[in-house]
Amino acid sequence: MPGIAETRTYNALLTTTLANYQKKMVDNIFDVYPLLSWLNGKLGEAMRGASVKKTLEGGESIVEHVLYEKNSTVKSYSGAETLDTTLQEGMTIARYEWKQYAGTVGITGRERRANMGEPALIRLLESKTKQTEMSMRDTLSIDAYGDGTGNGSKVLTGLQEIVSATGVLAGINPSTNAWWAAYSRLTAGSFAANGIKYMGVAFDNLSFGNDKPDFIVTDMATYGFYRDAAQPLERLQIAKVADLGFANLAFMTVPILFDRDCTAGYMYFLNSAYINLNVHKDADFKTGEFITPENQDVSTAKILFQGNLSVCDRRKHGVISGFTA
């Protein structure tokens, strides 16, 4: 019995320590890579004063309400003229599935016995948690740029799927609903020849007064092409973005950042008003209890994430792909 009591105490210590480390872990996961940081908070707050992260309490899926037509009853009138009371359509929903990620932190009995004493145990746990944290960060960042088909389509709905002029997204087909197509220019070719021009065309097509892209992200090579092309011009660095450690240039006063996980040759133009990082409140990297099974000399805890990316207006985002030098 003393051995069981000691194991329970040990597991409780690890669980408490891991729970206390949770906030730091979440910050490190989201605030290292540009896209994740922009979606989660700090980078987004520096650029526009808000994040696109939404914490949801539940639901079988994530639902975005989509407006695709104007209200046809709006018009001028005079005196007692009859007003148009026609019931309006022009609204639908886009439904996104929850995506789940998990990592585990385990400590063997031998490791525990080799690190006797609370300070040594906590240092060991923090090292193992850091390993899990880095792995989850890398996995989420890679998947956020993908087409959503990885691991049997259990991964995030990524930018290659969201920012596209083709392909069914959230149950809506752009081939029969033209308002559900993102701006897209494929096989852009030489950046030196056409890059700045194509960027201008994309930005113009995605701008509606003050409603315009507020984040541009690309891969390192294409970022270099833009930097070289802009050398003769006045280049602007957004100070608040640089203060967070992200190297950036700007286009039309909008920060351009490079992300090592962005698909080669791609440049995304995103509008924070129409994209969300949705996270379930009970699985926002929630840490479970350390459990020691009866038939193993090891204690393990789970770290869980449940969420997904979603957009309510696909037309407000754009991509240029196929850039070369």
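Trp-180 has a relative accessibility of 0% and therefore counts as buried, a class that takes in residues under 20% relative accessible area, while exposed means over 50% and partly exposed lies in between (1.4 Å probe, protein chains only). The model is a predicted one, in which local features need pLDDT of at least 70 and side-chain atom pairs count only at pLDDT 80 or more, whereas totals for chains, interfaces and linings use all residues. Residues are numbered from 1 along each chain as its sequence is written, and side-chain values use heavy atoms, with hydrogens and water left out.

Trp-179, at 16% relative accessibility, also counts as buried. Rings of Phe, Tyr and Trp (its six-membered ring) are taken as a pair if their centres lie within 6.5 Å, and planes under 30 degrees apart count as stacked, over 60 as edge-to-face and the rest as tilted. By this rule the count comes to 13 aromatic pairs. In one of them, the rings of Trp-179 and Trp-180 have centres 6.0 Å apart and planes at 65°, so the pair is edge-to-face. Phe-191 and Phe-225 form a tilted pair, with 6.4 Å from centre to centre and 40° between the planes. This pair links distant parts of the chain, since Phe-191 lies in helix α8 and Phe-225 in helix α9, 34 residues apart; helices here are DSSP runs (H or I, at least four residues), as are strands (E, at least two), and both are numbered from the N terminus. Phe-191 is buried at 1% relative accessibility, whereas Phe-225 is partly exposed, with a relative accessible area of 21%.

The contact, meaning heavy atoms within 4.5 Å, is made by Phe-191, Ile-196 and Met-199 of α8 and by Thr-222, Phe-225, Tyr-226 and Ala-229 of α9.

The next element to follow is the sheet. Six strands form an open sheet of mixed pairing in the order β5-β13-β10-β7-β9-β8, where two strands pair if DSSP finds at least two bridges between them. β5 (183-185) and β8 (248-251) stand at the edges, each with a single partner strand, so one side of each is left without a neighbour in the sheet. From one strand to the next the twist averages 20°. Helix α9 (residues 220-229) packs on this sheet, touching β7, β8, β9 and β10 (267-270), and its direction makes about 60° with that of β8.

Within the sheet, strand β7 (residues 215-218) runs parallel to strand β9 (residues 254-258) and is joined to β9 by three bridges; Val-217 stands opposite Leu-257 in β9, and the bridge partner of Ile-216 is Ile-256. β8 and β9 instead pair in the antiparallel sense over four bridges, with Ala-250 opposite Pro-255 in β9. These two strands form a hairpin with two residues between them, and Met-252 in the turn has a positive phi of about 55°. β9 is mostly covered, four of its five residues being buried.

Conventions: Axes are lines fitted to C-alpha atoms, for helices over the stretch in contact, and angles run from 0 to 180 degrees between N-to-C directions.
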